[in-house]
Amino acid sequence: MELTQVKHEIETLAEKYRDEFEAVSAYIFAHPELAYHEMLAQDQLCGLLEKHGFKVQRGAGSLETAFVAEYRSGKPGMTFAFMCEYDALPEIGHACGHNLIGTSGAGAGVILKEIMEKYGIGGTLKVLGTPAEENGSGKITMLDEGIFDGVDMALIMHPSDMSMADDISFAAVNKTYTFTGKPAHTAACPWMGASALNGVLQMFHAVDSQRLHFKDYTRVHGIIVEGGTVVNIVPERAVCRFNIRALDAEYLKDVISVIDRCAKGAAICAGVDVEIQQNGYLIKDVRNNRELVTAVEKNMDFIGEHHIPRDLTQGIGSTDVGNVTQALPAAQFYIGVGEGLGTHTAAFADAAGGEAGRRALTAAVKVLAMTGLDMMSGRS
């Protein structure tokens, strides 16, 4: 098997199946579904994979909208997985381009399976449907429930404004702080009350006082969810919620301790109680496997996809892909849909559902399938 020749065959197959893949992506885009409700998207992706000979399990572990598609060659080799995301955002639909992520992962699986069969490449190929990336972190649930067990390497593409072979992300967590005080009439007997709202306000001031001492690129932002009911009663209950991020998961734990301390100190200052609750999982930072990143970069060059280095000057978000990259060799890379476009915007949704998205889909399928070939053939 001559690798360059086979990669040209992958390009040919990507063009051959272009209409089929674009139809799946367009359907998912036109039928946006929120986290844990992605039944139509799951059906489209599983149908595509079943049509091309994958054994597909709809639902995985406790997640009804997850899926595991598998092709076993019957010969020794690694287990390689493409990851798919397909949940949408409230109101603005696929403004993160998950229609492209899900379809590119499935499409790459279709093509690489065909190549494995033709050239007798050993190993097992999986396509993992990972729901609820936007709200719920389905990949972490799947990791915890053993769905990734036995996977030697995993890869995913995410659309962005520009193409990049590597990634950087924040470790992140959401926490809710519920302050409980004592109500009283604010005119008749305010001295009998203890304001839960004062606890919240003091917490915000305390958090702001600590920003000087955080490492660069630490992000702490909060909102007041509840602050009382009427102005003439001392608020008995007040609630705030903070999103806390840092460039690595270990330092994030230090920052969380500071924020929790601010809450406890604020409660003491206001003479109220505070309950601290973590909302969902702690999302870890992406730590891409270097072998995969190098292969992705070479394959971008191979298909003529212009790419730039990933660095801290660009926008940084958080993703449950980070937890996968810290559990096994894995990587996330980017394919561009328009310079200057920011994710989670209406303009990005337009690009993901338009011609720019169709171009990115084909490019992503090629790079994913080629990189999977590199790894499974042992010739990266």
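Predicted model: local features only at pLDDT ≥ 70, side-chain atom pairs only at ≥ 80, totals over all residues.
Local features need pLDDT of at least 70 and side-chain atom pairs count only at pLDDT 80 or more, while totals for chains, interfaces and linings use all residues. Residues are numbered from 1 along each chain as its sequence is written, and side-chain values use heavy atoms, with hydrogens and water left out.

View 1. Glu-133 sits in the loop between β4 (124-129) and α5 (138-144); helices (H or I, at least four residues) and strands (E, at least two) are DSSP runs, numbered from the N terminus. Buried means under 20% relative accessible area (1.4 Å probe, protein chains only). Glu-133 touches (heavy atoms within 4.5 Å) several residues beyond four places away in sequence, including Glu-85, Asp-87 and His-98.

**View 2. Ile-147, in the loop between α5 and β5 (153-160).** Ile-147 counts as buried because its relative accessibility is 16%. Leaving out residues up to four places away in sequence, Ile-147 touches Ala-60, Gly-61, Val-68 and Met-142. For scale, Leu-292 is 145 residues from Ile-147 in sequence and 21 Å from it in space, C-alpha to C-alpha.

**View 3. Gly-336, in strand β10 (residues 330-336).** Gly-336 is buried, at a relative accessible area of 8%. Among the residues it touches, not counting those up to four places away in sequence, are Ser-160, Asp-161, Glu-305 and Arg-359. Arg-261 lies 75 residues from Gly-336 in sequence and 41 Å from it in space, C-alpha to C-alpha.

Technical notes:
Buried < 20%, exposed > 50% of the residue type's maximum accessible area, 1.4 Å probe, protein only.
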